[in-house]
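Below is a short note to read alongside the structure. The points follow the order in which I would look at the features on screen.

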Amino acid sequence: MKNYLVGAAFLASTILGGAAFAGPTIVAGPGADPTCFAPWSPDIKYMQWPAKTGPFKIALVNGFVGNTWRIQMVKTAKAYAEDPAIKDKIAEFKVVSTGTDAPAQLGAIEDFINQGYDAIVTIAVSPDGFDRVIKLADKNDVVLVPFDNVLDTDAVMQVNEDQLAMGRTWAEFVLKELAAAGKTSGKLLEVRGLAGNSVDRDRSLGIHEVLDASGGAWEVVQVVGNWDDGTAQKVTADAIAVNGQFDGIMAQGGTTGVVQALMDAGHPMVPIAGESENGFRKLVAAHSADGLKGISIGQSPGLVAIAMKAAISALEGNPMPQLISVPLPIADYNQLQDGANYWSDLPDNFFTVNEFPPCGVNVSGPAIMAQSEANTN
Amino acid sequence: MIGRWLAGNRGFAVAIALFAVLFVTYNLMHTRGFSTAVLVQNANESVAIGFVAMAQTVPVLMGGLDLSVGAVMTLSACIASVMVNGTMGEIVFGAFVTLLAGTSFGFMNGLLVVYGRIQAIIATLATGAIAIGLALLIRPEPGGDVDGDLGWALTNTVWDFADTYGLAQGGEAAWLQPFINIPVPLILQFGIACLVWLPIKRTVTGMTIYAIGSAEGAAFVSGLPINRAKILAYTLSGFFASCGGLYLAIQTSSGNADMVQAGAYTLNSIAAVVLGGTALLGGSGGVIASLVGALILRVISFYFRILDIDPLLQPLIEGLVLLAAVSFGAGRTFSIRNRLELFR
């Protein structure tokens with residue numbers, strides 16, 4: 001107890017004094033395994049933690065649970081923890097889902113730090129507010145790795161796909177298809193994701209950046225689909241009922257539902273940019289000749305595996321980029337191939353992009369979602 | 001004496017016992033159980049839900065319901081994320097404005113229910129949406145700049161608090177030593193609960209809140225100040241909810257107009273009220289009891305971090321444990337003499 005207080009005293013005084021405290025040191029690049037852990041940009045800094053010997057205790061602190069993506073992510077994490085390549089490096093792997101409750105998520109992270117876990121990977125429920133757990137993680141040399149919904153800070157190592165680039169690519173594709181059809185202005189539908197987190201914000205920023213730069217008179221109708229097929233279908237149907245016809249659509253998620261709403265309303269098939277749901281890819285493959293020219297870019301649930309791998313690499317003492325960029329898995333209507341990047345004989349509701357061969361993450365979407373609950377454990 | 005208290009507060013007593021068992025077992029199983037670090041962590045995680053549960057209790061005591069508590073907490077957190085920084089004077093002023101905003105919001109709920117004659121559920125459902133709308137206006141994107149020292153001081157032990165602000169010789173003063181390991185959030189939470197609720201409960205208006213829940217007609221013909229009590233109940237609800245929001249903003253040094261989180265807190269507040277032994281029909285229970293109910297709710301989820309439970313089964317198990325706990329609290333139905341009592 002006294003030790004703890006002395007530690008706390010040291011920590012408090014160093015923070016207040018603005019001096020350096022325990023945690024990663026900033027080092028010069030390049031980092032370990034750059035094909036897998038690609039730095040976000042050339043000027044990204046590199047972090048190095050004191051090397052520890054494994055096997056390590058790792059925890060996954062998930063927030064919201066209850067959509068297919070999160071379930072696929074959790075299953076991927078559990079399957080990857082059993083992968084022969086890293087199984088021996090993990091002593092214990094624990095998963096909790098706290099719901100969209102910031103104090104509960106912060107509490108869970110702090111609890112795992114108290115329990116002596118070596119690394120914690122997490123999908124943050126809010127891009128802000130983690131100052132306290134970052135301090136505590138640094139003090140205890142715990143590697144905290146936010147991925148997917150990342151934090152607005154450069155004090156921790158993070159793993160993500162470039163959401164701004166994803167938004168830009170979506171908008172560029174739709175504009176390109178519209179230009180090919182001779183349209184340089186018109187009405188677009190933007191289906192947004194879960195309000196209030198960084199992924200939704202950045203994707204939308206990317207979309208609007210490209211639209212604004214194009215100089216065309218684009219009228220954008222925004223609806224909130226929460227990255228969910230049912231919600232997206234409903235709000236798309238409402239938007240069509242209110243606004244009539246759209247020239248193009250950009251949907252952050254729930255894209256199968258968006259297309260379903262188009263078909264139900266008898267809306268003509270238009271260029272569409274969306275996520276990587278199997279159902280969306282199936283529909284694009286079937287209807288691209290009718291005008292449903294689609295691009296599908298996925299936020300892969302397999303990001304969790306890369307975050308886990310990065311955490312282990314950091315624990316082994318390798319220099320790591322502070323922000324790790326995982327390449328966008330892109331497929332447009334010309335590139336879709338049944339059995340390769342979509343599966344016409346499998347259900348709609350799983351995410352087609354899951355594996356990252358350069359990182360040795362080979363857990364495929366159909367494989368993981370086809371397994372029953374009993375088999376994954 | 002104890003026997004009489006038990007007879008009158010059966011639900012509360014069950015809640016305390018249940019919490020004690022769950023919490024001690026959790027600490028026994030935890031690798032660093034019974035340490036200050038674990039207690040501080042547990043306390044921090046429980047403050048916001050504790051305050052929101054307290055906020056929900058007061059309207060429930062008179063047979064009402066406040067569906068805006070989570071939203072008022074969120075609104076207050078967003079206000080605090082803008083206001084609570086700068087000099088010590090500015091911080092205190094910001095905290096005051098935050099609490100005043102939440103309290104006024106509760107007062108407005110009370111006016112709507114009493115003079116607008118709108119049913120509480122519908123009135124607070126609507127005002128909850130208004131609160132979220134205002135929160136989004138204030139903070140369209142998550143963020144904020146709450147004073148970091150304040151955050152560190154209030155989310156740690158008394159020693160850290162004294163050390164941060166150089167009080168009591170930086171926490172080394174002899175008189176402070178018995179208290180240094182107590183988490184500040186616990187003091188804040190139980191302090192506000194006792195200092196605000198216990199005195200109010202003993203006033204005529206306070207007792208009228210219970211009387212309305214027991215039998216509103218009887219309370220009316222007895223000449224009790226019904227309207228005043230109802231307005232007070234919703235005002236207190238707003239006050240407690242804004243305490244939760246203020247703490248949430250300080251804890252996360254930011255604000256986030258998160259609608260889903262607001263909804264989850266409102267629902268959990270009702271669960272905490274029931275777990276604490278307060279009757280949903282009103283008339284019996286109390287604010288401190290709901291605080292214990294909120295702690296039970298939290299401690300159940302603590303177990304998922306030390307046990308190996310499939311993550312996809314966790315919500316199911318949490319629900320089952322909750323149902324069992326509530327059923328256990330309703331055990332009195334087996335011991336009543338007259339079945340008519342059930343219809344009270």
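Which residues does Ser276(A) touch, not counting residues up to four places away in sequence?

1. Ser276(A) touches Ser296(A), Ile297(A), Gly298(A), Pro329(A), Phe351(A), Thr352(A) and Val353(A), where contact means that the C-beta atoms of two residues, placed from the backbone, lie within 7 Å. Ser276(A) itself sits in the loop that runs between strand E12 (272-274) and helix H10 (278-287) of chain A. Helices (H or I, at least four residues) and strands (E, at least two) are DSSP runs, numbered from the N terminus.

2. Although Ser276(A) belongs to a loop, Ser276(A) is buried, because 26 other C-beta atoms lie within 10 Å. A residue counts as buried if 20 or more other C-beta atoms lie within 10 Å of its own, as exposed if 12 or fewer do, and as partly exposed in between, with the C-beta atoms placed from the backbone. The C-alpha atoms of Ser276(A) and Gln299(A), which are 23 residues apart along the chain, are separated by 7.5 Å.

3. A word on the basis of these values: this is a predicted model, in which local features need pLDDT of at least 70 and side-chain atom pairs count only at pLDDT 80 or more, while totals for chains, interfaces and linings use all residues. Residues are numbered from 1 along each chain as its sequence is written, and chains are lettered from A and ligands numbered from 1 in the order in which they are written.

4. Strand E5 (residues 90-97) of chain A is largely enclosed by the rest of the structure, because six of its eight residues are buried. Strand E4 (residues 56-62) of chain A runs parallel to E5(A) and is joined to it by seven bridges, two strands being paired if DSSP finds at least two bridges between them. Within this pairing, Leu60(A) has Val95(A) as its bridge partner in E5(A).

5. Chain A is divided into domain 1 (18-161 + 302-326) and domain 2 (163-297), with bounds that come from an automatic or database domain assignment. The C-alpha centres of domain 1 and domain 2 of chain A lie 32 Å apart, and the contact takes nine residues from domain 1 and seven residues from domain 2.

6. Chain B has 16 helices and zero strands. Buried residues make up 51% of its 344 residues, and the C-alpha trace of chain B spans about 60 × 45 × 45 Å along its principal axes. Among the contacts in chain B with a separation of 6 or more, 76% are between residues 24 or more positions apart.
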